[in-house]
Amino acid sequence: MFNFLPYHPTWEILDSTKLGRMMTCDRLSFFMDICGLQPIQESIHLNFGTAWHSAKEHLLWCHEWDGKPGYPAESLRGAVSAFQDEWREHYSGDIGDAKYPHKSLSSAVIALESYIRKHTYEEPDDFKVIYTEIAGSLELNEFDKIHFRLDGLLESSNGFIIPDHKTASSGGDRFKNSWDMHLQFAIYVLAVSAFLENKPNQRKLPCVLVDGTIFTKVPKHERVVFALNIEQLNAWIVQIHQLIARFYENLEFLEHEDIEALDMSCYPRRTVSCQNYYGRPCPFKEICWMGKNPLKLLAEGSPHLNSFKQEYWNPMDLSDGARTNLEI
Ligand code: SF4
């Protein structure tokens, strides 16, 4: 490769985040997963989501199976403290980012309280926790391997459930309709069904429970079930192979790039709006808008890259909160 862009081992660790990023925009995949560039500026959404995950993981382990479904009242204290521990790593006050006042410490406390109430009295949760925070990989064939990070694995009288803790700023149909074609969940179903293959009484495919909390003025909780039949799962398997092939094809083309060319011929820029579903602009918008060859910018150490740090995403990083490792 180029001396300013040496090989990085995470290029061989593919997961739904990387493949999904490439589906969103090849150039984004280049910036984030090949160059490892991340915005230096803290993201309230990321920090809030991480803290929320810790609180929800605590609640899962407090959950009672057999006899008393739901969550004991004292689980609130531990969940709040799990949230607070993460939150305090980034913010000293109640609000982390004035633009998003509903993603605050006090909103999280209110939301945890109402979550416990809802899933203990109104719609009581009844399952057994098998694992939380799982990092794993699945060999699809002798060439292709996919990695995954799951929030947990639960067993209910109705089958196996993969919970996925989500936070959002708007709910209703927008939240409900966001998950039908979600590569991430298809990979989860594929991985867990392969893991459970030899378990007795495993009659049907596991499903993903999208366990969302919508942080508006009054936080509310919405759940969506993502379930697939075998035919649908097989269609996803074909697509996962195609995406893995495209990821490596892009890398192969990169080797033959000329840094003096007007632009890279691989990793094309997106041709429609460069903002995500919630209207947030892509952090690389300014660079892409300039229309310069990113390889040249990297080679010259352009000041346009000063607002980014180099930090490669690795779904297998056990230091990043994973408790269980599954190699399937
Ligand atoms: S600004 Fe647009 S083209 Fe550039 S990386 Fe982001 S999404 Fe892709």
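Which residue is the bridge partner of Val208 in β6? The partner of Val208 in β6 is Phe226.

The structure shown is a predicted model, in which local features need pLDDT of at least 70 and side-chain atom pairs count only at pLDDT 80 or more, while totals for chains, interfaces and linings use all residues. Residue numbers start from 1 along each chain as its sequence is written.

View 1. Six strands form an open sheet with mixed pairing, in the order β6-β5-β4-β3-β2-β8. Strands are DSSP runs of E with at least two residues, helices are runs of H or I with at least four residues, and both are numbered from the N terminus. Two strands pair if DSSP finds at least two bridges between them. The edge strands, β6 (220–226) and β8 (324–327), each pair on one side only. On average, and with direction ignored, neighbouring strands of this sheet are turned by 35 degrees against each other.

**View 2. Strand pairs at β6 and β8.** Strand β5 (residues 207–214) runs antiparallel to β6, and seven bridges join the two. A hairpin through five residues leads from β5 to β6. Strand β2 (residues 128–139) and β8 run parallel and are joined by four bridges. Ile134 stands opposite Thr324 in β8.

**View 3. Packing of α3 on α4.** Helix α3 (residues 44–62) packs with α4 at an angle of about 155 degrees, and their axes are 8 Å apart. Axes are lines fitted to C-alpha atoms, for helices over the stretch in contact, and angles run from 0 to 180 degrees between N-to-C directions. The two helices, α3 and α4, are therefore roughly antiparallel to each other. Angles under 35 degrees count as roughly parallel, over 145 as roughly antiparallel, 65 to 115 as roughly perpendicular and the rest as oblique. The contact involves residues of α3 including Trp52, His58 and Cys62, and residues of α4 including Gly78, Phe83 and Trp87. Contact here requires C-beta atoms, placed from the backbone, within 7 Å. By class, the contact of α3 with α4 has 10 nonpolar, five polar and two charged residues. Ala, Val, Leu, Ile, Met, Phe, Trp, Tyr, Cys and Pro count as nonpolar, Asp, Glu, Lys and Arg as charged, and the others, Gly among them, as polar.

**View 4. Packing of α4 on α5.** Helix α4 (residues 75–87) and helix α5 (residues 105–122) pack at an angle of about 150 degrees, with axes 10 Å apart. That angle makes α4 roughly antiparallel to α5. Among the contact residues are Leu76, Phe83 and Gln84 of α4, and Leu112, Glu113 and Ile116 of α5. The contact of α4 with α5 holds 10 nonpolar residues, two polar and one charged.

**View 5. Packing of α1 on α7.** Between helix α1 (residues 16–24) and helix α7 (residues 183–196) the angle is about 145 degrees, and the axes are 9 Å apart. Ser16, Leu19 and Gly20 of α1 meet Leu183, Gln184 and Ile187 of α7. This contact of α1 with α7 has three nonpolar, three polar and no charged residues.

**View 6. Residues around the ligand.** The shell consists of Cys25, Arg27, Leu28, Phe31, Arg269, Arg270, Cys274, Cys282, Phe284, Lys285 and Cys288. A residue is near a molecule if its C-beta atom, placed from the backbone, lies within 6 Å of it. The elements giving two or more residues to this shell are α2 (26–34) and α9 (285–290). With three residues, α2 gives the most. By class, the shell around the ligand has seven nonpolar, no polar and four charged residues.

Key: Two residues are in contact if their C-beta atoms, placed from the backbone, lie within 7 Å.
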